Amino acid sequence: MKRIIYIPFDHLHRKYGALKDADPKDDLIVLVESARMTTGRNWHKERLFFLISSARHFAEFLEEEGFTVEYLKAATTVAGLEEVQKKYPKLPIICAEPSSFRQFEALKAHGVTFIENDFFLTPRPLFQSWAADQKNYLMENFYRKQRTRLNVLMEGSEPVGGSWNFDKENRLPPPKKYEGPKYLDHKRDEIDNQVAIEISHKPTSTWATTRRGALAQLKNFIKNHFAEFGPLEDAMTTDNWALHHSLLSPYLNNGLLHPSEVIKAGVQAFNTGAIPIESAEGFIRQVIGWREYVNGMYWFLGPDYRDNNQLNATRKLLPLFSDPDKTQMNCIKQTVTDINDRAWVHHIPRLMLLSNLALITGTNPQEFLEWMREVFIDASEWVMVPNVIGMGVHADGGTMMTKPYAAGGAYISRMSNYCKPCVYDPKLRVGEKACPFTTLYWDFLDRHKAAFVKNHRMSQQIFGLNRLSDLPQLKVRATDVLEGLEAGTI
Ligand SMILES: Cc1cc2nc3c(=O)[nH]c(=O)nc-3n(C[C@H](O)[C@H](O)[C@H](O)COP(=O)(O)OP(=O)(O)OC[C@H]3O[C@@H](n4cnc5c(N)ncnc54)[C@H](O)[C@@H]3O)c2cc1C
Ligand code: SF4
């Protein structure tokens, strides 16, 4: 053996990272199931199951190819590497650049040699040079550059369809009683069953744990959901938990799929003429735009960015985040139940329900971030930190987003079927039946008026606030709502 190749649990692809030029004759493969990762926190069991079982399947796949694989359980990744080094002394350790600051530092200190992380479409230095030239870091500007650079949905230098953005055609509310095509079920095998026993979990059939399953998920999305992705991408309904979202984030994030494979499949389908441009563009924007932008910003903004709390939000995490019985708000009850069931909800519940609630209640950003990290199937440090701190709760004072994503019940009522059976009324801001979102939205604006009045993108909201005739009653109701949320009775 000439080298040790260390494979983190989010680098599970044979053709990328340190494995792309690996040879069974020369390379010893090491994977470490660290106790820090498995028992260090209150992880959602479905998430833990997915990550561990995917890694064990991947180790088996490499063994079948002829590699010698050391799959270890250890207290930490470095402790695991040290154990292997006792058995194979003096071999250099190679790894693709890790996906978090913490792992990067730990492996660097252990003397690991890094090769470029190519699990994204944008090399880190390229993003750094884009960001360094920007006055503000608008995703839209980055996205247009990506379309041109990667030559995706382009006709020469112009975007296909004559526009960079088809949001006007998208963002429709959910149709009534919308079922849509069935989602894929993934069968469990021996490895899955063994992991399930070890972590005392009864897994769903929602998430694949193999490359084959991830590819089947991609195929299913392209065939059955891609064409309708765009118009319903922001809708929420209790009739269908995923609508036409791809459910690909876990595999993109743990390496079972590479973004170039997803883009290739999407562009091929679009070129057959079967996919409307608003769906094709909407989906491509997520993958080559948002995903790449968020990863780039994580590395650009640095390790301290996650500690931002520029709105001085100090409230402790509300009990409803971990127990749906601790609220009467139908939208939150349903969303937290969905998360408990399968560790996933799409981007609008994450942004406009969960983060919006944390934002307008003044919940401490780091407590909220830690909860989000623990409960989502696709959560990783690089993706959660910018999405939560920058986009979700505006804790960075506007570095990433020019204004906070705060909204009252009217938005949720328009985009979902949650409100009709709810005990609260999205139109009311005062009184016992007032929707907590509606009351707290205005209360939030009022609490931060001095800061927001300087932001011209907030002028309409501040104008609305100044016209409220019932602000004194609203402040009383807001106090009651916040107390009730803390007590788990609202
Ligand atoms: C507050 C908040 C927290 C989030 N946390 C995560 C997270 O921990 N992990 C994660 O992968 N995504 C996160 N997202 C982004 C997005 O919600 C999920 O990627 C998406 O819901 C995953 O489901 P899907 O694969 O069906 O996505 P689709 O709607 O089908 O989108 C396709 C792909 O685009 C990518 N994508 C879209 N938006 C984003 C984004 N904002 N950031 C990064 N990638 C994006 C994902 O890879 C996704 O698979 C978060 C968004 C918000 C607002
Ligand atoms: S009325 Fe308010 S709390 Fe109830 S479901 Fe609608 S937005 Fe949620």
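A residue is called buried when its relative accessible area is under 20%. By this criterion Cys435 is buried, because its relative accessibility is 9%. Cys95 is likewise buried, because its relative accessibility is 0%. The structure in question is a predicted model.

The two cysteines lead to the subject of disulfides. A disulfide is a covalent bond that joins the sulfur atoms of two cysteines. The number of disulfides in this structure is zero.

Attention may now turn to ligand 1. The shell around this ligand consists of 28 residues, and the closest of them are His245, Ser246, Leu247, Asn253 and Asp378. By type, the shell comprises 16 nonpolar, nine polar and three charged residues.

Several helices contribute to this shell. At least two residues come from each of helix 10 (249-254), helix 12 (277-301), helix 14 (347-361) and helix 16 (381-392). Helix 12 provides the largest share, namely six residues.

Individual side chains can then be examined at the level of atoms. In His245, a polar side-chain atom lies 2.7 Å from an oxygen atom of ligand 1. Asn253 also places a polar side-chain atom 2.8 Å from an oxygen atom of the ligand. In the case of Asn387, an N or O atom of the side chain is 3.0 Å from a nitrogen atom of ligand 1. Taken alone, ligand 1 exposes 810 Å², and the protein buries 98% of that area.

Conventions:
Residues numbered from 1 in each chain as written. Chains lettered and ligands numbered in written order. Predicted model: local features only at pLDDT ≥ 70, side-chain atom pairs only at ≥ 80, totals over all residues. Heavy atoms only, no water. Near = heavy atom within 4 Å. Polar contact = N/O pair within 3.5 Å; in protein donor to acceptor, adjacent residues only side chain to side chain. Areas by Shrake-Rupley, 256 points an atom, 1.4 Å probe, with all protein chains shown as cover. Helix = DSSP H or I, 4+ residues; strand = E, 2+ residues; numbered from the N terminus. Nonpolar A, V, L, I, M, F, W, Y, C, P; charged D, E, K, R; others polar. Disulfide = S-S within 2.5 Å. Buried < 20%, exposed > 50% of the residue type's maximum accessible area, 1.4 Å probe, protein only.
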